[in-house]
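Biologist: I have the sequence and the model open side by side, and I'd like a guided tour. Could we take it one question at a time?

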Amino acid sequence: MRRKLSLDLVLAIAGILLIGIVAALQSAANQNEASSPSTYDNGANGLNALYVMLQREHLPVSRFESPLVTLRGTGTLVVAGDEALLSLALDGGTQKGLDQWVREGGTLALIGSPWPLDRTMFGLPKMHRAKASFLSGACGLRGPALHIQGTFEEAATVKTCGKTRKDLLSRDGDAYAFAYARGKGSVVYVSSTEPFDNAHLSKMDNAAFAYAVFGNLGNVQFDERVYGYANDNSAWAVLPGPVHIAIIIALAALLLAVIGENLPFAPPVELRERHVRNTREYLQSLAAMLRRGAAQADLVRRYCAEIRKVLQPHAASATAAALLREVEPLETIVHPRDEHVVAAAQLYARVRKDYPW
């Protein structure tokens with residue numbers, strides 16, 4: 001016996017799925033309140049304001065959402081954020097391919113501090129711990145002196161500006177931002193994302209510094225794949241982990257419900273047809289009730305009296321005489337049983353049918 005999946009069950013499961021997704025999205029949102037250095041991010045640590053500013057200044061700026069190993073041609077690639085630099089440092093294959101791209105003429109801008117990893121990648125100079133909140137422009141910046149606000153925790157030793165290296169931000173003998181040649185290309189390093197983030201870009205000379213860094217680098221592309229913005233991602237891939245778990249649980253519940261509704265795990269129970277009692281069974285039940293009330297003799301006597309009353313005017317007919325003869329044995333019974341009550345009731349019913357009054 002197969003049963004159809006009820007609409008109420010489907011709606012209930014769909015409701016559970018919706019609630020699970022909303023709860024998971026809310027949980028993911030709560031876990032990701034701290035923004036990341038992405039040009040899509042409007043939070044305090046995001047770089048959306050920088051991206052918009054460069055666009056308004058009519059600079060060639062775009063987002064790179066493909067694997068870094070597919071990078072071709074020249075221009076500038078910006079890898080921003082401590083986690084992004086850490087990911088790059090741990091991926092030897094991508095690092096090697098990107099370094100080759102730089103040596104062939106590309107410009108790589110590294111913004112952030114993957115401390116304390118090995119700094120030999122891309123020919124970075126030896127770095128050391130140094131903390132500063134306000135920095136001044138160094139010899140590599142043209143124009144009026146700039147005073148940059150942000151938190152910096154890593155620096156290299158200041159060197160004299162030359163053809164192969166130019167310091168951009170320095171303080172007390174430490175260079176916190178610099179650019180240097182590597183093969184036919186170059187590397188730009190800034191030890192913190194704060195000078196460019198949404199919270200600091202409008203403060204002091206930060207916007208001027210950002211324009212000075214990115215304004216002369218040609219086509220600037222920000223790596224967004226590291227933050228999940230990949231142009232080859234499916235809809236499933238872009239959903240956060242909690243949503244994946246919620247969908248899997250809901251689908252599992254739906255599958256179990258479908259199996260439970262359609263796959264029998266035991267023989268079907270056949271319901272008995274409802275039994276309708278006939279007149280004889282009804283009279284037997286009534287006789288049993290009268291027996292328990294010690295009223296059988298009185299009922300038989302009344303049936304017999306009524307039958308005689310009806311048949312007396314027709315006693316001359318053979319039918320009436322035959323019926324009267326059936327009454328006589330019932331009248332002589334002192335202690336009638338159930339079958340006597342049933343017989344008297346049936347005889348009374350026949351008389352009422354044939355001799356209505």
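Biologist: Which residue in β9 stands opposite Ser62?

Modeller: First, a caution: this is a predicted model, in which local features need pLDDT of at least 70, side-chain atom pairs count only at pLDDT 80 or more, and totals for chains, interfaces and linings use all residues. Residues are numbered from 1 along each chain as its sequence is written, and side-chain values use heavy atoms, leaving out hydrogens and water. Strand β1 (residues 61-64) pairs with β9 in the parallel sense over four bridges, where pairing requires DSSP to find at least two bridges between two strands. In β9, the residue opposite Ser62 is Gln221.

Biologist: And which residue is the bridge partner of Val78 in β9?

Modeller: Strand β2 (residues 76-80) also pairs with β9, again in the parallel sense, over three bridges. In β9, the partner of Val78 is Phe222.

Biologist: Are the residues on the two faces of β9 buried or exposed?

Modeller: In a regular strand, side chains alternate between the two faces of the sheet. In β9 (residues 220-223), Val220 and Phe222 lie on one side, with Gln221 and Asp223 on the other. Buried means under 20% relative accessible area, exposed over 50%, and partly exposed in between, using a 1.4 Å probe and protein chains only. By that rule, all four residues are buried.

Biologist: Which elements give two or more residues to the lining of the largest cavity?

Modeller: A cavity is a set of points on a 1 Å grid over the protein atoms alone where a 1.4 Å probe fits but cannot get out; a pocket is an open set with protein on both sides within 12 Å along at least five of seven lines, and lining residues have an atom within 4 Å of a point. The largest cavity has a volume of about 40 Å³, a volume being the space filled by probe spheres set on points joined across faces, edges and corners. Its lining includes Val78, Ala80, Phe222 and Asp223. The elements you asked for are β2 and β9.

Biologist: How many residues in the lining of the largest pocket are charged?

Modeller: The largest pocket has a volume of about 550 Å³. Of its 22 lining residues, the closest to the centre are Gly140, Lys166, Leu168, Ala179 and Ala212. Ala, Val, Leu, Ile, Met, Phe, Trp, Tyr, Cys and Pro count as nonpolar, Asp, Glu, Lys and Arg as charged, and the others, Gly among them, as polar. The lining has eleven nonpolar and seven polar residues, and the charged ones number four.

Biologist: How many polar residues line the second largest pocket?

Modeller: That pocket has a volume of about 450 Å³. Of its 20 lining residues, Pro37, Gly81, Asp82, Glu83 and Thr193 are the closest to its centre. The lining holds four nonpolar and six charged residues, while its polar residues number ten.

Biologist: Phe122 has a positive phi; is Phe122 buried or exposed?

Modeller: Phi of Phe122 is near 60°, positive in a residue other than glycine. Phe122 sits in the loop between β3 (107-111) and β4 (128-137). With a relative accessible area of 2%, Phe122 is buried.

Biologist: Is Asp172 buried or exposed?

Modeller: Asp172 is not a glycine, yet its phi is positive, at about 55°. Asp172 belongs to the loop between β6 (165-171) and β7 (174-182). Its relative accessible area is 71%, so Asp172 is exposed.
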